[in-house]
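Please give me a short briefing on this structure.

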Amino acid sequence: MDVNIRGKNVGITDRFESYVEAKTDKVEGLLPRAQAFEVRVSRQSDRSPQHGDHVEITLIGPGPVIRAESAGGDKYSAFDIAYGRVLERIRRMKDKRQDRRGRGRTSLADAAANDFKTIDVTPAPLEVLEAVATGEVPVVNSEEQDYSPVVIRTKEFPAERMGVEDAVDRMELVGHDFFLFIEEEGGSPSVVYRRKGWNYGVISLSETA
């Protein structure tokens, strides 16, 4: 896994680089196939209400990009907070993958070994396969249907109630540019979306016409 550290208005010392690289050992243990661990450190402006340093961490796949950021009195404390958030998001992602794998899925090899009885699929008889191969049974060609350049695909997910910050975390974890959810306090359908840089926006629906 490549480790890239960049600074803006702040110097990156060898000591800080060694500190970050030592911390990445745990990330590699959790995600052995991770490709890059990027750290961006910036010094807060004196005019900013928060003095100190700001750290942004980006962990690149395979899979969804995981991001976290934090501010602290110095780059070490800011990094530790952001690093802890990255570890927490990795654990959430691995827990969800484990849950999905344990929902009674059957591999194709296991299903075929049991004549597909475990997944309620009946293989076609040999006579039917031979009839299709010889042309005795016509095969419907989907390309003969009316062509339309507009393809609308629909997906439906169970609604989840959460706060805006949690919705942003979920959006970053799955690597999408937006995330739909039910706002926890007001109960209104909402969407968070990514804007330029590290800015985010929220759109909510109101029941009033």
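This briefing goes through the sheets, the cores, the aromatic rings and a few single residues. The model is a predicted one. Another open sheet of 4 strands has the order β5-β6-β7-β8. The largest nonpolar core has 25 residues, and another core, of 7 residues, lies apart from it.

- β2 and β3 run antiparallel and are joined by 8 bridges.
- Within that pairing, arginine 43 stands opposite aspartate 53 in β3.

**The largest core**

- In general, nonpolar side chains of soluble globular proteins tend to be buried together.
- Phe37, Val39, Val55, Ile57, Leu59 and Phe79 touch the most other members of this 25-residue core.
- At least two core residues come from each of α1 (14-30), β2 (36-43), β3 (53-60), β4 (66-72) and α2 (75-101).
- α2 supplies the largest share, with 9 residues.
- Phenylalanine 37 has contacts beyond its neighbours within four places in sequence, among them Met1, Val20, Val27, Ile57, Leu59, Phe79 and Tyr83.
- Glutamate 21 is in helix α1. At 43% relative accessibility, glutamate 21 counts as partly exposed.
- Glutamate 21 and phenylalanine 37 are 16 residues apart along the chain, and their C-alpha atoms are separated by 9.4 Å.

**Aromatic rings**

- A pair of aromatic rings is described by the distance of the centres and the angle of the planes.
- The count comes to 5 aromatic pairs.
- In the pair of phenylalanine 16 and phenylalanine 79, the ring centres are 6.1 Å apart and the planes stand at 80°, so this pair is edge-to-face.
- Phenylalanine 16 is in helix α1 and phenylalanine 79 in helix α2, 63 residues apart, and their pair links distant parts of the chain.
- Both phenylalanine 16 and phenylalanine 79 are buried.
- The rings of tyrosine 19 and phenylalanine 79 are also edge-to-face, because their centres are 6.1 Å apart and their planes are at 70°.
- Tyrosine 19 lies in helix α1 and phenylalanine 79 in helix α2, so this pair ties together parts that are 60 residues apart in sequence.
- Tyrosine 19 counts as partly exposed, at 25% relative accessibility. Phenylalanine 79 is buried, with a relative accessible area of 0%.
- Phe16, Tyr19, Tyr76, Phe79 and Tyr83 form one aromatic cluster.

**The sheet β5-β6-β7-β8**

- The pairing is mixed in this sheet too.
- β5 (161-162) and β8 (200-204) stand at the edges, each with a single partner strand, so one side of each is left without a neighbour in the sheet.
- β5 and β6 run parallel, joined by 2 bridges. Arginine 161 stands opposite isoleucine 182 in β6.
- β6 (residues 178-183) and β7 (residues 189-194) run antiparallel, with 5 bridges between them.
- Phenylalanine 179 stands opposite valine 192 in β7, and the bridge partner of phenylalanine 181 is serine 190.
- β6 and β7 form a hairpin with 5 residues between them, and glycine 187 in the turn has a positive phi of about 75°.
- The 7-residue core includes Val168, Phe179, Phe181 and Val192.

**Single residues to look up**

- Which backbone angle is positive at asparagine 9? Asparagine 9 has a positive phi of about 65°, although it is not a glycine.
- In general, most residues other than glycine have a negative phi.
- Asparagine 9 sits in the loop between β1 (2-8) and α1. At 63% relative accessibility, asparagine 9 counts as exposed.
- Is aspartate 169 buried or exposed? Aspartate 169 is buried, with a relative accessible area of 19%, and the cut-off for buried is under 20%.
- Aspartate 169 lies in helix α5 (residues 164-174).
- Not counting residues up to four places away in sequence, aspartate 169 touches Arg89 and Arg92.
- The side chains of aspartate 169 and arginine 89 are joined by a polar contact of 2.6 Å.

Note on methods:
Residues numbered from 1 in each chain as written. Heavy atoms only, no water. Core = buried A, V, L, I, M, F, W, Y, C linked by side-chain atoms within 4.5 Å. Buried < 20%, exposed > 50% of the residue type's maximum accessible area, 1.4 Å probe, protein only. Contact = heavy atoms within 4.5 Å. Pairing = 2+ DSSP bridges. Polar contact = N/O pair within 3.5 Å; in protein donor to acceptor, adjacent residues only side chain to side chain. Phe/Tyr/Trp six-rings, centres within 6.5 Å; stacked < 30°, edge-to-face > 60°.
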